[in-house]
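Here is a short report on a two-chain model. It begins with the contact between the chains and ends with one chain on its own.

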Amino acid sequence: MAGALINVPKEIRRGEPFEIKTLVRHPMETGYRRGASGEEIPRDIVNRFTCAYNGQEIFSADLFPAIAANPFISFFTVATESGELVFTWTDDAGKAQTETVKITVA
Amino acid sequence: MDRHPTRRSLLAAGAALPAAGLLAVAMVRPARAAAPATMEAAVREFVGEAAARQGRVKLEIPPLVENGNSVTLTVSVESPMTVTDHVKAIAVFNEKNPQPNVAVFTLSPRSGKAQVQTRIRLATSQKLVAVAQMSDGSFWQDSADVIVTLAACLED
């Protein structure tokens with residue numbers, strides 16, 4: 001896993017929900033496809049995504065092979081204070097990727 | 001000792017092979033195309049004893065998609081998202097992909113707005129269902145039909 005895109009609004013107002021858009025590069029191999037010589041390609045997907053706001057988990061998702069490659073997830077959270085958003089994607093191989101985004105709440 | 005397979009180990013392997021093959025077929029077949037019944041079972045597993053009522057949930061997906069490899073799906077739920085009344089989870093299910101589950105999102109009062117968006121794969125034209133679990137224990141659902149002209153899972 002490498003390469004994540006995270007988009008948060010430039011202006012975030014205290015007490016109001018804002019949208020967080022995330023995308024991570026991952027093949028999301030379903031495990032249902034076969035390679036050129038007929039062998040089954042083993043499943044390898046991002047099965048878990050979490051987002052923590054200043055250390056507290058505010059959103060999570062359990063994903064299945066029906067999620068498209070390079071999984072995109074967008075969701076909302078209420079702005080409480082300035083700080084850090086920490087995003088974690090975990091795949092079938094147990095590899096985890098973490099991205100941190102600093103936000104400033106006006 | 002294991003440099004040459006013994007007659008016994010060969011026989012055992014020979015006997016195990018067809019059995020393993022049969023088992024694999026039996027396990028893979030139903031999974032290859034989740035029938036509507038499989039989706040109902042998956043929804044049942046999520047809602048448990050409760051009944052999922054129609055309403056409050058809005059599942060948005062294009063009615064006609066050309067490419068099933070990446071289809072934008074949005075689920076929003078009418079909820080004040082307060083500590084006493086909020087959406088706890090949103091689950092999405094499909095009828096005819098190899099597996100009935102698509103995703104389960106966990107929300108909290110801190111979400112502020114009960115709306116999630118993602119991109120999914122669709123193996124063929126089918127029905128999708130989104131179910132929301134509320135903090136009061138009730139379940140609400142919405143469904144949508146999609147026609148897919150180029151399916152996912154076919155390209156190499």
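## Where the chains meet

In this predicted model, 26 residues of chain B are in contact with 23 residues of chain A. Contact means C-beta atoms, placed from the backbone, within 7 Å. On the side of chain B that touches chain A, strand 6 (101-106) and strand 7 are the elements that give two or more residues. That side divides into nine nonpolar, 13 polar and four charged residues. Nonpolar covers Ala, Val, Leu, Ile, Met, Phe, Trp, Tyr, Cys and Pro; charged covers Asp, Glu, Lys and Arg; the others, Gly among them, are polar.

Strand 5 (residues 72-78) of chain A and strand 7 of chain B run antiparallel and are joined by two bridges. Strands pair if DSSP finds at least two bridges between them. A:Ser74 has B:Gln117 as its bridge partner in strand 7 of chain B.

## B:Gln115

B:Gln115 lies in strand 7 (residues 115-120) of chain B. B:Gln115 is buried, with 22 other C-beta atoms within 10 Å. The cut-offs are 20 or more for buried, 12 or fewer for exposed, and partly exposed in between, with C-beta atoms placed from the backbone. Beyond its neighbours within four places in sequence, B:Gln115 contacts A:Phe76, B:Thr74 and B:Ser76.

## Chain A

Chain A has seven strands and zero helices. These are DSSP runs, numbered from the N terminus: strands (E) of at least two residues, helices (H or I) of at least four. Of its 106 residues, 28% count as buried. Its C-alpha atoms fill a box of roughly 55 × 20 × 20 Å along the principal axes.

## Conventions

Residues are numbered from 1 along each chain as its sequence is written, and chains are lettered from A and ligands numbered from 1 in the order in which they are written. Local features need pLDDT of at least 70, side-chain atom pairs count only at pLDDT 80 or more, and totals for chains, interfaces and linings use all residues.

How values were computed:
Contact = placed C-beta atoms within 7 Å.
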